Amino acid sequence: MSGSFESFLAMGGYAAYVWPSYAVFLLVLLADWLAPAFRRRRILRELRGRMARQSARERGKDGAAPFPPAP
Amino acid sequence: MAKWIPLWLHKLSSPPTFYAFAGKVRPWAIALALILGVIALYGALVLAPPDYQQGDDYRIIFIHVPSAWMSLFIYAVMGVSAFIALVWRIKLAEVVAMESAPIGAAFTFITLVTGSLWGERMWGTWWTWDARLTSELVLLFLYLGVIGLYHSFEDRRQGARAAAFLAIIGIINVPIVHFSVQWWNTLHQGSTVNLFGKSHIATDMLWPLLTMMVATKAYYVASLCGRVRTDLLALEGGKDWVRKIAAAEKSR
């Protein structure tokens with residue numbers, strides 16, 4: 001360890017191999033971490049849509065017509 | 001064995017209970033993974049001395065080897081849960097098996113890419129069809145096969161059963177990857193770290209490696225908790241407990 005930041009970045013001439021390795025490691029795991037969060041939001045949004053449609057149908061059954069009555 | 005253990009396990013395998021349990025475990029696991037990961041990275045990139053033959057290039061070992069361990073460890077977890085899912089038809093085991101596959105595939109991919117970057121300078125080639133590299137590539141294809149099979153069925157549980165079957169057959173590949181460096185004459189080196197017996201590595205290189213191993217294990221637990229929670233929501237969409245969560249998240 002020589003102490004200077006430049007030599008740390010240079011990785012003894014192997015910067016083009018060491019840093020991409022660490023970047024792949026961090027980026028792949030970051031993608032793995034974020035993917036289920038997006039999926040979770042989509043699942044819950046779709047479920048709320050289903051619930052809203054279902055409660056609209058049930059209101060329709062109780063007598064209050066979901067569509068305007070025919071003239 | 002105490003009577004409450006099977007009872008506790010039985011309760012834990014019910015989706016709403018496990019959803020809450022995983023929600024409690026997840027922040028602790030990711031915090032542990034991040035803290036240990038930063039310590040391990042500091043040890044790996046700054047504190048550990050350069051190798052006398054490979055210079056600084058050997059530092060790839062600190063992510064390559066823990067990722068390779070995880071690629072096998074996660075496959076074993078996936079295989080065992082797939083077996084439990086097929087034999088006892090426990091929904092949670094199915095979900096754990098299927099949601100382990102993408103994480104395992106991620107670690108296998110990292111192993112292959114970092115190994116390739118390492119090999120280019122040290123062996124003079126990005127890739128060679130040697131036993132260790134080929135069996136690790138087969139491992140990636142097994143993971144991708146499990147993921148693909150799971151999603152290729154209209155009925156998710158039917159897909160999970162087919163994929164679980166593939167996962168179980170593929171377990172054969174795990175010892176092949178592990179012992180490939182002993183069974184065949186490979187370009188890949190033998191194991192550096194031995195659980196039982198002497199490791200062929202200096203202490204100031206060994207501790208970042210082992211710390212990173214624990215960090216990746218903790219990361220797997222955290223990621224699995226998040227994925228299983230999400231998948232349970234998808235699988236149990238018609239149930240009351242999921243609908244309550246959906247309604248609660250809207251008002252936030």
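This is a predicted model: local features need pLDDT of at least 70, side-chain atom pairs count only at pLDDT 80 or more; totals for chains, interfaces and linings use all residues.
Residues are numbered from 1 along each chain as its sequence is written, and chains are lettered from A and ligands numbered from 1 in the order in which they are written.

**Overall make-up of chain B**
- Chain B has 9 helices and 0 strands, these being DSSP runs numbered from the N terminus (helices: H or I, at least four residues; strands: E, at least two).

**Helix α4(B)**
- Helix α4 of chain B covers residues 91-122, and its 32 residues reach 46 Å from first C-alpha to last, close to the 46 Å expected at 1.5 Å a residue, the expected span being 1.5 Å times one less than the number of residues.
- Because 25 of the 32 residues of α4(B) are buried, this helix is largely enclosed by the rest of the structure.
- Just after α4(B), Gly124(B) takes a positive phi of about 85°.

**Helix α2(B)**
- Helix α2 of chain B (residues 15-47) has 33 residues and reaches 45 Å between its first and last C-alpha, close to the expected 48 Å.
- At Val25(B), α2(B) bends by about 30°, and the proline Pro27(B) follows within four residues.
- Among the buried residues of α2(B) are Phe18(B), Tyr19(B) and Leu36(B), and what covers the buried residues of this helix includes α1, α3, α4 and α8 of chain B.

**Contact with chain A**
- In chain B, 33 residues are in contact with 24 residues of chain A, contact meaning that the C-beta atoms of two residues, placed from the backbone, lie within 7 Å.
- The largest share of the side of chain B that touches chain A, 11 residues, comes from α4(B).

**UniProt record**
- An unreviewed UniProt entry lists residues 68-88 and 205-222 of chain B among those under "transmembrane region", although such annotations may be inferred rather than shown by experiment.
- Over residues 68-88 the chain is 100% helix, with end C-alpha atoms 30 Å apart.

How values were computed. A residue is buried if 20 or more other C-beta atoms lie within 10 Å of its own, exposed if 12 or fewer, and partly exposed in between; C-beta atoms are placed from the backbone. The bend at a residue is the angle between axes fitted to the seven residues ending there and the seven starting there.
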